[in-house]
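Thanks for coming, everyone. I'll take one structure and go through a few of its contacts and its pocket. Have a look at it first.

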Amino acid sequence: MGSGLAVPPIFSPIPPAIHPCHRDADVQTAAWAETFRIGSDELRGRLVTQAIGTFAARILPEGREEVVSLLADFVLWLFGVDDGHCEEGELGHRPGDLAGELHRLLRVAQNPEAPVLQGDPLAAGLRDLRLRVDRYGTSGQAARWVDALREYFFSVVWEAAHRRAGTVPDLDDYTLMRLYDGATSVVLPMLEMGYGFELQPHERDATAVRAATEMASFIITWDNDILSYHKEKRAGGYYLNALRVMEEHAGLSPEKALHTAIVQRDRVMTLYMRLTEHLAERGSPQLRQYLLSLGHFIRGAQDWGITSIRYTTPEDPADIPSFFRDTPTDNSDEPLDIPVVSWWWDLLPRDSRAAGAGTAQQTA
């Protein structure tokens, strides 16, 4: 049965937003999944009910409708890989074979004309996605999208090795890999495509901008771990989740692990809000739009997480909140005790960090 873990409302200082096309996006993405036969019939039947088009519409609330549709189809495709190959399929326990299959898919993303995986539904869907990335994005954005796919594929092979061995990584390793295996980085080029601009390298590659992007990934994946814990635990078998990592390595109860995860994401969220405000004051219009889109990504994932039947699991209801709180449980400006991300706190002068504490924007 389920975890029985009651998740309290979590802190969200970012207002909600949604594209007017959200209902059409759900319908179109369900049709796309059927056209390309993504996943098994059973898996596809689940995915098309999970409001993935609405999720994309929350990420790009004022973006080009064609890119909202592209993003929705891509997210569904990612679930076809993650749920179908990695979590529920045999390849999820065979990291070597999984690496081979994912590299063949990567070749399709690099060159849709390559005679690789002919007749494979995931490859056919990926060919369509790549052609649309080329249509709506620049060559640089397409290249970054392929690079991000490589990072994602590499991370799920790491996860498969743990699944095969039945081991749980420590918190530092888990945090590092969660920045990639949550498939957040593969969405980032579409934040630019959605609004028809390309962020210049001197801004995108600046250390503070990279850190803000990583913070967004941390918040999105930690929120996902919090909201999906019931779904993952009730399914039985092996699963990886921040709460489980802390239960395993710190000896915490599920309730204490949940509280700790919430404190961690609240500390990162308060730093993220201060850092992005600092960057937006000094950045180009394109950087400001990018940072705004990162915020929509965070809030969109939250709104989707508390409403999609993927996580509410109505057949065995998860005890997750239906609203958010407007203050953090912890707004300390001290770094988290997670070495791979503790450097984030070095990016703002201490007086700026202290001045921003507790002044996050209220939830709309």
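Start with Arg310. Its relative accessible area is 6%, so Arg310 is buried, the cut-off being under 20%. Keep in mind that this is a predicted model.

What does Arg310 pair with? It forms a salt bridge with Asp83, and the closest N and O atoms are 2.9 Å apart. Arg310 sits in helix α15 and Asp83 in helix α4, so this pair ties together parts 227 residues apart in sequence. Asp83 is buried too, at 3% relative accessibility.

Now the pocket. Both Arg310 and Asp83 are among the residues nearest the centre of the largest pocket, along with Phe79, Lys231 and Tyr311. The lining has 49 residues. The space in there is about 1,100 Å³. Which element gives the most to the lining? That is α11, with 11 residues. By class, the lining splits into 22 nonpolar, 11 polar and 16 charged residues.

Stay on α11 for a moment. Asp225 is in that helix. Asp225 is buried, at 0% relative accessibility. Leaving out residues up to four places away in sequence, it touches Tyr174, Arg178, Asn241, Ala242 and Leu243.

Back to salt bridges. The whole structure has 27. One of them joins Arg132 and Asp73, with closest N and O atoms 2.9 Å apart. Arg132 is in helix α6 and Asp73 in helix α4, so the pair ties together parts 59 residues apart in sequence. Both residues are buried.

Contrast Glu281 and Arg282. They form a salt bridge at 3.0 Å between the closest N and O atoms, and both are exposed.

Methods
Residues are numbered from 1 along each chain as its sequence is written. This is a predicted model: local features need pLDDT of at least 70, side-chain atom pairs count only at pLDDT 80 or more; totals for chains, interfaces and linings use all residues. Side-chain values use heavy atoms; hydrogens and water are left out. On a 1 Å grid over the protein atoms alone, a cavity is a set of points where a 1.4 Å probe fits but cannot get out, and a pocket is an open set with protein on both sides within 12 Å along at least five of seven lines; lining residues have an atom within 4 Å of a point. Grid points are joined across faces, edges and corners, and a volume is the space filled by probe spheres set on the points. Helices (H or I, at least four residues) and strands (E, at least two) are DSSP runs, numbered from the N terminus. Ala, Val, Leu, Ile, Met, Phe, Trp, Tyr, Cys and Pro count as nonpolar, Asp, Glu, Lys and Arg as charged, and the others, Gly among them, as polar. Buried means under 20% relative accessible area, exposed over 50%, partly exposed in between (1.4 Å probe, protein chains only). Contact means heavy atoms within 4.5 Å. A salt bridge is a side-chain nitrogen of Lys or Arg within 4 Å of a carboxyl oxygen of Asp or Glu.
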